[in-house]
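Welcome to my notebook. I opened a new structure today and jotted down what I looked up, step by step.

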Amino acid sequence: MEGEVLKSFAAAATIAIGAFGPALAIGMLASKAMEAIGRNPEAAPKIQPAMILAIAFAEAIAIYALVVALIIKFV
Amino acid sequence: MDIFIEAEKIFHIGPFAVTNTYLTSVLVVIIISVGAYLFSRRISETPGRLQHGVEMLLEFLFDFFEKVFGDKERTRKFFPFVCTFFLFILLSNWFGIFPGVGTIGLYEEHNGRTILVPFLRSVNSDINMTLALAVISVLATNIIGIAMIGFFKYASRYINFHGPINFFVGILELISEVAKIISFSFRLFGNIFAGEVLLIVMAFLLPFIVPLPFLAMELFVGFVQALVFSMLTVVFLKTATEHVQH
């Protein structure tokens, strides 16, 4: 395959595979948080900030994959 | 479609190249400063609607940070610092969606192609800006930790000879500081730059009505990223100013 085609393919594969893990992670985090809030609705204001924080950390990994894909495509 | 990771240079002041993101950041700073000054002259005991709105926002932020910090005293001490991050990042993100930003510019020749060089561009879509913010946040956290706890007590977090495990944990902490800088900068950069690319692609595909939900999403993402940046700063400030327990 030529360079340009391989580049596009690499960029697409990077973000496709790289977003897989964080998506799972965020789903698991949110589901556990929902369960916890469902069991004890009064603890919701304590659980929510921790959940948002953890989701931000997990999303950052997906953003790393995205940045690598962008670098492959545009640099 | 011209999509560039680097910010385009508009003009040069001596050896310093002024990019369009730098221009936009200066504009945002001017807007914040002038807005804050004009607002501070109109504060009264019986608030009007604008003052009410600003108070609501600041109270929301204060309660939010207090939940993370745990005590009111530290929140009060660090609130101006962290809230500045929040307001600056929020306003720069929202200013980037403003009509005219990223679209009004001049056509220039680069490497044989004619591309549009916009005068203004979303501030955090430039990795230099987000890297600067990240370095400020992490550096200030460390310096505040040293100021509040004392140099040797704070250094014992990184250089700890109380045992082999603690020694390696100290080295890991040092590496983790660098990782914090990288993760802060890339999180903000990735979100905002990807949002910009998404808006360009949507406008390129179908310029009418369809970009609307994506603009709404960009508003939301801008707000969330500002909140996450300041909240993470609060969390790291909390661990840095915690009295060391043995």
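Predicted model: local features only at pLDDT ≥ 70, side-chain atom pairs only at ≥ 80, totals over all residues.

First entry: handedness. I looked up how H1(B) and H3(B) cross, and the crossing is right-handed. By class, their contact has seven nonpolar residues, three polar ones and no charged ones.

Second entry: the geometry of that pair. H1 of chain B covers residues 20-40 and H3 of chain B covers residues 72-97. I found that their axes come within 10 Å and cross at roughly 120°. Angles from 65 to 115 degrees count as roughly perpendicular and those over 145 as roughly antiparallel, so H1(B) is oblique to H3(B).

Third entry: who meets whom. On the H1(B) side I noted B:Thr24, B:Ser25, B:Val28, B:Ile31 and B:Ile32. They meet B:Leu87, B:Phe88, B:Leu91, B:Ser92 and B:Phe95 in H3(B).

Which residues have the most contacts inside the largest nonpolar core? I found A:Leu66, B:Ile89, B:Phe189 and B:Phe229, in a core of 39 residues. H7(B) supplies the largest share of this core, eight residues. I then followed B:Phe189: leaving aside neighbours within four places in sequence, it is in contact with A:Val67, B:Asn124, B:Ile127 and B:Thr130.

Fifth entry: where the chains touch. I read that 18 residues of chain B are in contact with twelve residues of chain A. On the chain B side, H2, H6 and H7 each give two or more residues, and H6(B) gives the most, with eight. That side divides into 13 nonpolar, three polar and two charged residues.

Conventions
Residues numbered from 1 in each chain as written. Chains lettered and ligands numbered in written order. Axes fitted to C-alpha atoms, helices over the stretch in contact; angles between N-to-C directions. Helix = DSSP H or I, 4+ residues; strand = E, 2+ residues; numbered from the N terminus. Parallel < 35°, antiparallel > 145°, perpendicular 65-115°, else oblique. Left-handed = near helix turned anticlockwise from the far one by under 90°. Contact = placed C-beta atoms within 7 Å. Nonpolar A, V, L, I, M, F, W, Y, C, P; charged D, E, K, R; others polar. Core = buried A, V, L, I, M, F, W, Y, C linked by C-beta atoms within 7 Å. Buried ≥ 20, exposed ≤ 12 C-beta atoms within 10 Å, placed from the backbone.
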